[in-house]
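Colleague: Please take me through one part of this model in close detail. Keep it brisk, and give me the cut-offs as you go.

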Amino acid sequence: MTNIKLHAIVLALIIVSELIGTHTIKIGVGTIVLLPMLYALLIGIFTTLKFLNLSGNKEINDASALLGVTLMLLMARYGTLVGPTLPKIIAASPALILQEFGNLGTVFIGVPVAVMLGLKRETIGAAHSIAREPNVALIGERYGLNSTEGRGVMSVYIAGTVFGTIFFGLMASIAASALPFHPYSLAMAAGVGSASMMTAAVGSLSAMYPDMTEQLAAFGAASNMLSGLDGLYMSIWVALPVTEWLYKKCYKVKYGVSPSEDEEGLSEEDKEIIEEEKEIIKDEEKNMEAVEEPSKKEGE
């Protein structure tokens, strides 16, 4: 909170991004909406270049610590939008709850692609969800973040943090232009458990449907909150077991054999421990041989 340089950089990014404003680009049937949030993200990335000497490790670490606070304020804002549109949200409750099953698409699309690209157990962490904070915690608790599954989930988490808002903003505008779905359904689909990604998608939809701005934000926020509540349980009880099952099937199709027991059941930490124990056993055997050799010579 006391890093004045960081606050000055953030203020400058906000001013420049707002001055650039919102722009739309027509691409065939789709419309790409470029929001100030996207400019701020891209310019912020460039401030970390070493030769510019703007954002160093201190600013990066301090910004990471403040991220949770800013997202808390953002969710409080969305909470105030849910109240006035509560009757519409209650009427759409079955759709809001059932849309969580749509998040399983990451499993059925991501696992075959990951195995095809040559990933092994990293596939489990990378493809079981969109890998936001609750999913990172789940993989860390189940397998450990130093495991291959942990590397998979952290890779997707970092990629989502850097590119997620850009991708969601562009995808929402293209989907709204090219697909025959109601804007409310697209706003609900944007609530996958990430406040920043949902904000980017809803922002693009709001630019295309300005008369529905509040309703879109409310549906997106409600969907996002429900994803945060039941999304973790969906990952524990459905997504993770299905990912494990599909991974074994895809692995066998590609390599002709099932994943080895060593790969299936052990984390990297477990493997290191086993290797250390093997080395200890080898050393003990050498010591025993060294003790037995003089005894044999004396007996001869």
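Modeller: Of the 300 residues of the protein, 36% count as buried (under 20% relative accessible area, with exposed over 50% and partly exposed in between; 1.4 Å probe, protein chains only). This is a predicted model, in which local features need pLDDT of at least 70 and side-chain atom pairs count only at pLDDT 80 or more, while totals for chains, interfaces and linings use all residues. Residues are numbered from 1 along each chain as its sequence is written, and side-chain values use heavy atoms, leaving out hydrogens and water.

The secondary structure comes to 14 helices and two strands (DSSP runs numbered from the N terminus: H or I of at least four residues for helices, E of at least two for strands).

My pick is the second largest pocket, with a volume of about 880 Å³. A pocket is an open set of points on a 1 Å grid over the protein atoms alone, where a 1.4 Å probe fits and protein lies on both sides within 12 Å along at least five of seven lines; lining residues have an atom within 4 Å of a point. Grid points are joined across faces, edges and corners, and the volume is the space filled by probe spheres set on them. The pocket is lined by 34 residues, and Thr106, Ile130, Phe167, Phe168 and Met171 are the closest to its centre. H6, H7 (122-127), H9 (148-178), H10 (183-190) and H11 (195-208) each supply at least two lining residues. H9 gives the most, with 10. The lining divides into 23 nonpolar, 10 polar and one charged (nonpolar: Ala, Val, Leu, Ile, Met, Phe, Trp, Tyr, Cys and Pro; charged: Asp, Glu, Lys and Arg; polar: the others, Gly among them).

Take H6 (residues 105-116), where Phe108 sits. Phe108 contacts Val242 and Leu246, leaving aside neighbours within four places in sequence (contact: heavy atoms within 4.5 Å). Phe108 and Thr243 are 135 residues apart in sequence, yet 8.0 Å apart, C-alpha to C-alpha.

Now H7. The loop between H7 and H8 holds Ala131. Ala131 is buried, at a relative accessible area of 0%. Not counting residues up to four places away in sequence, Ala131 touches Val136, Val153, Val156 and Tyr157. Its C-alpha is 9.4 Å from that of Gly193, 62 residues along the chain.

Next comes H8 (residues 133-142), whose buried residues are Asn135, Val136, Leu138 and Ile139. They cover an arc of only 160 degrees around the axis, so they lie on the same side of H8 (the arc is that of the directions from the helix axis to the C-beta atoms). Just after H8, Gly144 takes a positive phi of about 95 degrees.
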